[in-house]
Every structure is written in structure tokens, then in C-alpha cells.
Amino acid sequence: MEFCHPSLFLLSIFLFLLPSLISSQICQRNCGKETLKYPFGSGPGCGDPRFQSHVTCSQQKLTFTTHTGSYPITSIDYANQVIYISDPTMSTCSCTVPSKGFGLNWDAPFTFADTTIFALVDCAMNSSSICQSNGYDDGSSSKLLCDQGTPICSLLYSCRPISTINLPISSCCVYTPVNLGPSFEMDLQKLQCPSYTGFYNFNDQQSDPEKWNYGIALKYKFSVTNDYPGSCDACERSHGVCGYNVAFNSFICNCPNGINTTTDCYFISSFNNGFRNGVAWLIYPVAWSLVWFFL
């Protein structure tokens, strides 16, 4: 029984692995139909590490996660730095469902957008927590800026799912998220309200709650100064995707050929094109010539 020459064996392995030297980009530019841009990423090592635990892509679905649950991301407005999420436990003009509420993690790089409005639904009539105190045992005596006189309540209560159970308007309370307190926590059990609804746009139909855009709008910032990172800008202009070193959380640029750099992809792209057009065509004939020589 004859064995292959060692050089022939190594050469065969090299020829097998050669195409993998030109691999694909690890960090993806899309999650399903949603475009992914900095600071969000398709997985660990992509985007900004501060956002990785909050915004994830799994099975081509983009999800926002807090301690209160996981919520589908319906769209991202990169120009205004706003993400829009939906809460399956949120009541709308189409249905009413029980909910435990919604809250943001204290360390999340998100705040509620000014356009977001919450309305507590079917609150206990003998409860004063929704309008006279913040409902939390933190020693604070500040009041929630809860408005029961707004027409939003009467409009919401005109929706068929709510109107059929004849809830009094006084059991509705509307307020803006900034009044949730420093923890951005809405505990409906403490507030004695079994459900809530939220919307961020009247859709030019202020008097028709069926046309409102229900959900939650969250604002995000790149940093304290909210400046777009110059290194990421250079990376994206060279067709790279901004990411980070998982071990050190330091910036990397993930290039189209799968190689990571600490700057941009201009040099890597030039090298890769040169490899494809000027070197790769020569390696295969020489390699196969050596194979025939050893046979």
C-alpha cells in the first residue's frame, strides 16, 4: 500500500483551504427586512457593545429586550436615532389585554422619545396613586403629571373593545414617559391599573384612535456627546461594518472579505482584489504542476 508524499498531502490541504481565505463578511447588514447600521449589530462583535444586550437579531427578527420582557422592533429611524417597538401585552383600539407594564433597564442607552404617550386603562376608582403620588416606595412626594381631562381618554374609550365593557372615563389616565420616575418603570400592579396603551403618532388622525400608531418610541444616543464615531464613519465609507473586539470591547472594522481591522477596509480591499486578480490565478497552475510532479 502506497502513502501520499507528505508534500503532496500538505499541498492538497492548501488547495482545499485556499477559497476560504476569501470569506464573507461576518457582521450582516440586515436582519430580516430591517437594515442594520451602527450602533446596532447582527450578533456579538457587531455594532456597539453597549447596545448588544438590548437589541438582538435572532432568526432574522430584530428584538428589544429589557427586564420586563422582549419586544419586536417594528422599525428604526436612523436619521432621528429612534427605534419603534411593539408590546404584545399592550391594549389598542382593536383589543384590550392585561399587562404588567413596561420599563427600561437603568443602564440601557435609551430614553423615551418625546412623542411617546402612555395611557393607563381601567384603573381602580378608589386608587389615588395614578394622580396623587408616584406609586413607589422611594420616599418621594412628587406627583405624576397624569391628565384625566385630556380628550385622549374619551377617544380611547370610544373604541369598541373598551366601550363594550362600559368603563368610566375616570378610570383612564394619560401621561408622558418622563413622569415614570428615574427608573423609567411602569408597574401597573402598584398603580392598580390592569392594562395600558401607548402610541407615538396620531398619524394626522387625532380624532380617530383606530388610525394611531400604537407602540413605544425610544431614543438612543451614540455617547454622552452623541457624536457619531469618526472611526465607524471611515469604516462604513470603505464598505465595512462597525464592530468590536469581544474580549476588550475595542473598535474593529469588519470588512467584506471577513477580515477585521482597527481602521478601515481600504487597504484590505485593495490587497484582496490584488490577490484575486494578480496572485490567485498563478497559484493554482503552479500548485497542480507540483501535484503532477509528485505523482
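A residue counts as partly exposed when its relative accessible area lies between the limits for buried (under 20%) and exposed (over 50%). Lys211 has a relative accessible area of 41%, so it is partly exposed.

## Confidence

The mean pLDDT of the protein is 79, and 71% of the residues score at least 70. Confidence is highest in strand β6 (residues 82-85), with a mean of 98, and lowest in helix α1 (residues 6-17), with a mean of 47. Over residues 13-23 the pLDDT is below 50, and the model gives this stretch 16 contacts beyond near neighbours in sequence. Residues 274-284 also have pLDDT under 50. For residues 274-284 the model has 14 contacts beyond four places in sequence. Where pLDDT is low, the predicted coordinates should not be read in detail.

## Strand β14 and its partners

Strand β14 covers residues 216-220, and four of its five residues are buried, so the strand is largely enclosed by the rest of the structure. Strand β6 runs antiparallel to β14, and four bridges join the two. Val82 has Lys219 of β14 as its bridge partner. Strand β8 (residues 110-112) is also antiparallel to β14, through three bridges. Here Phe110 is the residue whose bridge partner in β14 is Tyr220. Strands of a sheet pair through backbone hydrogen bonds, either parallel or antiparallel.

## The four-stranded sheet

Four strands form an open sheet in the order β10-β9-β12-β13, and the pairing is antiparallel. Its edge strands are β10 (173-175) and β13 (213-214), each of which pairs on one side only. Between β9 and β12, which run antiparallel, there are five bridges. Phe118 has Gly198 of β12 as its bridge partner.

Asp122 lies in the loop between β9 (117-121) and α3 (129-132). Gln192 is in the loop between α6 (188-191) and β12 (195-201). Asp122 has phi near 60°, a positive value in a residue other than glycine. The phi of Gln192 is likewise near 60° and positive, again in a residue other than glycine. With a relative accessible area of 32%, Asp122 is partly exposed. Gln192, with a relative accessible area of 40%, is partly exposed.

## Salt bridges

The model has three salt bridges.

| Arg50 | Asp48 | 3.6 Å |

Side chains of opposite charge can pair when their charged atoms come close. Arg50 has a relative accessible area of 37% and is partly exposed. At 33% relative accessibility, Asp233 is partly exposed.

Tyr38 and Pro39 are joined by a cis peptide bond, with omega about 15°. Pro39 lies in the loop between β2 (34-35) and α2 (49-52).

Another proline, Pro161, is in helix α5 (residues 160-163). Along the chain Pro161 and Cys93 are 68 residues apart, while their C-alpha atoms are separated by 7.0 Å. Beyond neighbours within four places in sequence, Pro161 is in contact with Cys93, Ser94, Cys95 and Thr96.

Methods: Residues numbered from 1 in each chain as written. Predicted model: local features only at pLDDT ≥ 70, side-chain atom pairs only at ≥ 80, totals over all residues. Heavy atoms only, no water. pLDDT = per-residue confidence, 0-100. Contact = heavy atoms within 4.5 Å. Buried < 20%, exposed > 50% of the residue type's maximum accessible area, 1.4 Å probe, protein only. Pairing = 2+ DSSP bridges. Salt bridge = Lys/Arg side-chain N within 4 Å of Asp/Glu carboxyl O.
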